Amino acid sequence: GDPEKPMRPVLKTLIYKLLSYYENHQDTFMILVKEVQRLLINGDDKAAYFIEQRNRLIEALEAPLNRAIQTGQLRPLPARAVANMLLGNIHGCQMHVFLDREGGQSDKECRAEKNAEFLTTMLLDGLLESPSVAVELIP
């Protein structure tokens, strides 16, 4: 990507694309999650494939995160740790969407848009009160 492009819209777009893809393929993802858990619990060598795919995703995130760190858009933190934290938050959000759906609490609005805005705000601005944060947070 363009190293001059501001981090906030890039991050929000990435999160939105990941969440909306998940929302459109929830049934497939849940089968995959259950299968990976089964493989990991049973110590199956096939689980290595899924671990390798996750590592590839982390590595793909590292380069743009490093650029954002080098240009001063992000604090100087280890890019790999930031990538893991980012994916962990996205996965947590995906799980909540699934649990809400299973519990009959799924709304028909675009959750991916709301959740992308929320995660972007939380990841970039944190929990501390700041006058520059004028974003409506979802309950």
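Accessible areas here come from the Shrake-Rupley method with a 1.4 Å probe, and for residues only the protein chains shown count as cover. On that basis the chain exposes about 9500 Å². Carbon and sulfur atoms supply 57% of that area.

Some ground rules. This is a predicted model, where local features need pLDDT of at least 70 and side-chain atom pairs count only at pLDDT 80 or more, while totals for chains, interfaces and linings use all residues. Residues are numbered from 1 along each chain as its sequence is written, and side-chain values use heavy atoms, with hydrogens and water left out.

Now the overall layout. The chain has five helices and zero strands. Helices are DSSP runs of H or I with at least four residues, strands are runs of E with at least two, and both are numbered from the N terminus. Along the sequence the pattern reads α-α-α-α-α.

How much of the chain is buried? Buried residues make up 25% of the 139 residues. Buried means under 20% relative accessible area, exposed means over 50%, and partly exposed is in between, with a 1.4 Å probe and protein chains only.

Next, contacts, meaning heavy atoms within 4.5 Å.

On to the core. A nonpolar core is a set of buried Ala, Val, Leu, Ile, Met, Phe, Trp, Tyr and Cys residues joined through side-chain atoms within 4.5 Å. The largest one has 20 residues. Which members touch the most others? Ile15, Leu19 and Leu65 do. At least two core residues come from each of α1 (7-24), α3 (47-70), α4 (79-102) and α5 (111-125). Helix α4 gives the largest share, seven residues.

Set aside residues up to four places away in sequence, and Ile15 touches Leu86, Ile90, Ala116, Leu119, Thr120 and Leu123. Leu65 sits in α3. Is Leu65 buried or exposed? Leu65 is buried, at 4% relative accessible area. From Leu65 to Leu77 is 12 residues in sequence and 9.5 Å in space, C-alpha to C-alpha.

Compare another residue of α3, Ala63. Ala63 is partly exposed, at 39% relative accessibility. Ala63 and Ala79 are 16 residues apart in sequence, and their C-alpha atoms are 7.9 Å apart.

Now helix packing. Two packed helices are described by the angle between their axes and the distance between the axes. Axes are lines fitted to C-alpha atoms, for helices over the stretch in contact, and angles run from 0 to 180 degrees between N-to-C directions. Helices α4 and α5 pack at about 145°, with axes 11 Å apart. On the α4 side, the contact is made by Met85, Leu86, Asn89, Ile90, Cys93, Val97 and Asp100. On the α5 side, Arg111, Asn115, Leu119 and Leu123 make it.

Last topic: charge pairs. Side chains of opposite charge can pair when their charged atoms come close. The cut-off for a salt bridge is a side-chain nitrogen of Lys or Arg within 4 Å of a carboxyl oxygen of Asp or Glu. A search of the whole structure finds five.

Start with Lys12 and Glu117. Their closest N and O atoms are 2.8 Å apart. Lys12 lies in α1 and Glu117 in α5, so the bridge ties together parts that are 105 residues apart in sequence. Lys12 is partly exposed at 22%, and Glu117 is partly exposed at 23%. Lys12, Glu113 and Glu117 are linked in a network of salt bridges.

Then Arg80 and Glu62. This salt bridge spans 2.8 Å, N to O. Arg80 is in α4 and Glu62 in α3, 18 residues apart, and the pair links distant parts of the chain. Arg80 is partly exposed, at 33% relative accessibility.

What separates Glu35 and Arg38 along helix α2 (residues 26-41)? About one helical turn, because they are three residues apart in that helix. Glu35 is partly exposed at 31%, and Arg38 is partly exposed at 40%.
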